[in-house]
Amino acid sequence: MHIILGGTGHVGRATARALLARGEPVTVVTRTAERAEDLRGLGAAIAVADIHDTEGLRAVFRQGKRLFALNPPASPEQDPDAEERSTIASILSAIEGSGLEKVVGHSTYGARKGESIGDLGTLFELEQGLQGLPIPTSILRAAYYMTNWEMSLELARREGILTTFFPADFRLAMVAPQDLGEAAAELITDPPGKIRVVHAEGPERYTSNDVATALSDLFNRPVKVASIPSERWEETFLSFGFSQSAARSCAGMTRLAVTMPVPDLSEVRRGKVGLRAYLEAATSGTRGDHQG
């Protein structure tokens, strides 16, 4: 049995679907059973658990042999770094004594030690914690989520403006949930002793201009890029309702995303879902990995 933590989010849902399509047994962990009804219909078992309930998580983990460990994102209205470190600690504690034979940890491009750098720092701590356990662990490092563009779609449709924190011509490694799900399914079904660190992205790297061009075609209207200058990043996040600590971390993470080196394309797992195909599905409401 494969246990999928965070199974009703974009990536967890895509992973569950990829495993079910392979005929693999899956248990999806969720806080609300209703959000997983579509996966139940595909054959998944559903386990309701609070990620802060370490003993409850351990009981769920004992029902399977392999775990996809995805740390759920915390609310930016509070202190997300502190919250995510708390949930990481609960996950790591729950794995101990669970009897699991293999773990796949979900992480991100550029994960590294540091403070106020958002997921780059917290997911590095997840990586380190998992690799310190006496259980074979592979790591899936994801490129920038294509789903992140969804918050900009309504303004682009209504006013023809695509707001972004990236320079218009900055080429970014991006990935769709479906491709992450396929990559995670491959890793979790590896032989128990096979350990890998896999960087996963889409078939190409794209710019904000590429996003605007695709949306111009899909919306049948001109869409222009409006890049937010770096000196306004924190105030912009604050205007979204983020806490001061969250705004600082998101700005720090964005700064690194623009400057950090990324793996050569020859060294990454390249998926099949291109940017335009993803945006077309997202704007038409036909995306298969939607959050329920």
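Predicted model: local features only at pLDDT ≥ 70, side-chain atom pairs only at ≥ 80, totals over all residues.
1. Overall dimensions. The radius of gyration of the protein is 19 Å, which agrees with the value near 19 Å that a compact globule of 292 residues would have. Along the principal axes, the C-alpha trace spans about 55 × 40 × 40 Å.

2. Burial and surface. Of the 292 residues, 54% are buried. The accessible surface comes to about 12,800 Å², and carbon and sulfur atoms account for 50% of that surface.

3. When contacts between residues at least 6 apart in sequence are considered, 76% of them join residues at least 24 apart.

4. Strand 10. This strand, residues 197-201, is largely enclosed by the rest of the structure, because 4 of its 5 residues are buried. Strand 10 pairs in the parallel sense with strand 6 (residues 137-142) over 4 bridges. Within that pairing, Val-198 of strand 10 stands opposite Leu-140. Strand 10 also pairs in the parallel sense with strand 13 (residues 269-270), here over 2 bridges. Arg-269 in strand 13 is the bridge partner of Ala-200.

5. Between strand 7 and strand 9 (residues 172-175) the pairing is parallel and runs over 2 bridges. Tyr-144 has Met-174 in strand 9 as its bridge partner.

6. Helix 1. Thr-15 lies in helix 1, which covers residues 10-21. The relative accessible area of Thr-15 is 0%, so this residue is buried. Leaving aside residues up to four places away in sequence, Thr-15 touches Ile-4, Phe-68, Leu-180, Gly-181, Ala-184 and Ala-185. His-10 is also found in helix 1. Its relative accessibility is 18%; His-10 therefore counts as buried, the cut-off being under 20%. The C-alpha atom of His-10 is separated by 28 Å from that of Gly-193, a residue 183 places away along the chain.

7. Positive phi angles. Most residues other than glycine have a negative phi. Two residues of this model should be read against that background. Ser-116, which is not a glycine, has a positive phi of about 55°. Ser-116 lies in the loop between strand 5 (102-108) and helix 5 (119-131). With a relative accessible area of 26%, Ser-116 is partly exposed. Asn-220, likewise a residue other than glycine, has a positive phi near 55°. Asn-220 is found in the loop between helix 8 (208-219) and strand 12 (224-227). The relative accessible area of Asn-220 is 72%, and this residue is therefore exposed.

Technical notes: Residues numbered from 1 in each chain as written. Heavy atoms only, no water. Pairing = 2+ DSSP bridges. Rg over C-alpha atoms; globule rule 2.2 N^0.38 Å. Buried < 20%, exposed > 50% of the residue type's maximum accessible area, 1.4 Å probe, protein only. Contact = heavy atoms within 4.5 Å. Areas by Shrake-Rupley, 256 points an atom, 1.4 Å probe, with all protein chains shown as cover.
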